[in-house]
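Please take the following as a guided reading, to be followed with the sequence and the model side by side.

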Amino acid sequence: MVNDRLSVTLAGVTFANPVVPASGTFGFGLEMKDVYDLNVLGGISLKGTTSEARFGNPTPRIAECPDGMINSVGLQNPGIDVLVNEKVPQLRRHYSGVVIANISGFSVDEYVHCCEKADACPGIDMLEVNVSCPNVHNGGMAFGTDPACAAQVTEAVRKVSRKPVFIKLSPNVTDIVSIARACEDAGADGLTLINTLLGMRIDIKSRRPVIANRMGGFSGHAVLPVAVRMVNQVAKACSIPVMGCGGVSCAEEVIEMMMAGATVVQVGAENLRNPMVCRDIVEALPALMDRLGIGNLRDITGIV
């Protein structure tokens with residue numbers, strides 16, 4: 001049964017609750033369908049997809065850190081045609097909530113190609129355009145760290161998309177607001193932030209980087225204060241809605257992220273530590289709201 005106290009609306013799309021597994025931490029949703037009822041989730045952001053299938057970066061590409069992890073998976077995925085023709089139809093047999101396609105690319109043309117196909121897929125509700133991946137060379141973050149480049153991608157995909165377009169921003173910049181505003185001005189319906197921070201670990205015994213690609217995306221609970229700060233800055237500076245992401249691991253932190261300015265909150269690295277965390281957060285929210293005197297979640301977005 002849907003709890004109306006938890007429902008939120010984002011760019012005209014209604015979510016039963018604001019909890020969404022972040023792209024890259026929940027596969028295509030199908031991996032969890034036999035573990036718990038996926039329909040408890042407000043939405044699912046699918047694994048990042050490129051035009052052609054990618055094997056990803058060489059191994060090792062995962063490293064544990066205190067209170068987090070570094071990954072350099074490198075956008076391993078089966079390609080856009082498999083996403084729209086196989087993965088999404090399979091997911092829709094088990095899930096009726098909001099499906100978000102996460103699109104990556106190495107050129108503006110590739111972003112456009114993938115977004116056009118995702119937009120035409122009836123099982124996809126929203127597009128999340130990743131201009132912020134630190135794990136691949138000559139793509140992703142190359143667009144997301146420059147306002148003009150981010151705007152160029154936004155404008156191009158907006159022209160071929162009827163569904164809401166959210167641009168996923170990188171925290172690896174000195175001025176997140178200027179990039180957010182550039183995307184808003186170029187036609188973005190909303191923004192997702194943050195993606196991973198760029199990090200590195202060294203094995204002092206072998207005297208080599210732990211990650212084969214030397215550096216990768218640092219995520220996990222340690223990045224929460226950075227994410228909350230950037231969400232708040234962008235929410236105050238822009239008039240389009242925000243999906244908050246970065247370090248969230250419990251219901252209290254979902255509330256915190258919403259108070260900072262997020263309408264929907266994505267849960268990322270914590271899914272890899274505790275695959276049940278999104279379900280547990282949804283179950284914990286009503287009692288937490290009672291304790292905090294919150295009637296409806298839609299009333300607290302951006303109150304700080």
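**A walk through the model**

Aspartate 67 is partly exposed, with a relative accessible area of 47%, and this is a feature of a predicted model. Aspartate 67 sits in the loop between β5 and β6 (68-71), where its phi is near 65°, a positive value in a residue other than glycine. Most residues other than glycine have a negative phi, and most peptide bonds are trans. Arginine 207, in the loop between β12 (202-203) and β13 (208-209), likewise has a positive phi in a residue other than glycine, here near 60°. With a relative accessibility of 74%, arginine 207 counts as exposed, because exposed means over 50%.

The peptide bonds deserve a look as well. The bond leading from threonine 59 to proline 60 is cis, its omega being near 0°, and proline 60 belongs to the loop between β4 (43-45) and β5 (62-65). Another cis bond runs from leucine 193 to isoleucine 194, with omega near 15°, and isoleucine 194 is placed in the loop between β10 (190-193) and β11 (197-199).

Which residues touch the most other members of the largest nonpolar core? Among the 89 residues of that core, they are Phe15, Ile124, Leu169, Leu191 and Leu193. Helix α9 (residues 277-292) supplies the largest share of this core, seven residues.

At the start of α5, aspartate 175 brings a side-chain oxygen to within 3.3 Å of the backbone nitrogen of valine 177, while just after the helix glycine 187 takes a positive phi of about 110°.

Two strand residues show what being buried looks like in detail. Asparagine 102, in strand β7 (residues 98-103), is buried, with a relative accessible area of 2%. Its side chain is joined to that of glutamate 128 by a polar contact of 2.8 Å, and, leaving aside neighbours within four places in sequence, asparagine 102 is also in contact with residues including Ser23, Ser45, Asn130 and Lys168. Valine 129, in strand β8 (residues 126-130), is buried too, with a relative accessible area of 0%. Not counting residues up to four places away in sequence, valine 129 touches, among others, Ile103, Tyr111, Cys115, Phe166 and Lys168. Between the C-alpha atoms of valine 129 and glycine 293, which are 164 residues apart along the chain, the separation is 36 Å.

The last stop is a pair of helices. Two packed helices are described by the angle between their axes and the distance between the axes. For helix α6 (residues 224-237) and helix α7 (residues 251-260), the angle is about 30° and the axes are 8 Å apart; α6 and α7 are therefore roughly parallel to each other. On the α6 side the meeting residues are Leu224, Ala227, Val228, Val231, Asn232 and Ala235, and on the α7 side they are Glu253, Glu256, Met257 and Ala260. Sorted by class, this contact has seven nonpolar residues, one polar and two charged.

Note on methods: Residues are numbered from 1 along each chain as its sequence is written. This is a predicted model: local features need pLDDT of at least 70, side-chain atom pairs count only at pLDDT 80 or more; totals for chains, interfaces and linings use all residues. Side-chain values use heavy atoms; hydrogens and water are left out. Axes are lines fitted to C-alpha atoms, for helices over the stretch in contact, and angles run from 0 to 180 degrees between N-to-C directions. Helices (H or I, at least four residues) and strands (E, at least two) are DSSP runs, numbered from the N terminus. Angles under 35 degrees count as roughly parallel, over 145 as roughly antiparallel, 65 to 115 as roughly perpendicular and the rest as oblique. Contact means heavy atoms within 4.5 Å. Ala, Val, Leu, Ile, Met, Phe, Trp, Tyr, Cys and Pro count as nonpolar, Asp, Glu, Lys and Arg as charged, and the others, Gly among them, as polar. A nonpolar core is a set of buried Ala, Val, Leu, Ile, Met, Phe, Trp, Tyr and Cys residues joined through side-chain atoms within 4.5 Å. Buried means under 20% relative accessible area, exposed over 50%, partly exposed in between (1.4 Å probe, protein chains only). A polar contact is a pair of N or O atoms within 3.5 Å; within protein, one must be able to donate a hydrogen and the other to accept it, and residues adjacent in sequence count only if both atoms are side-chain atoms.
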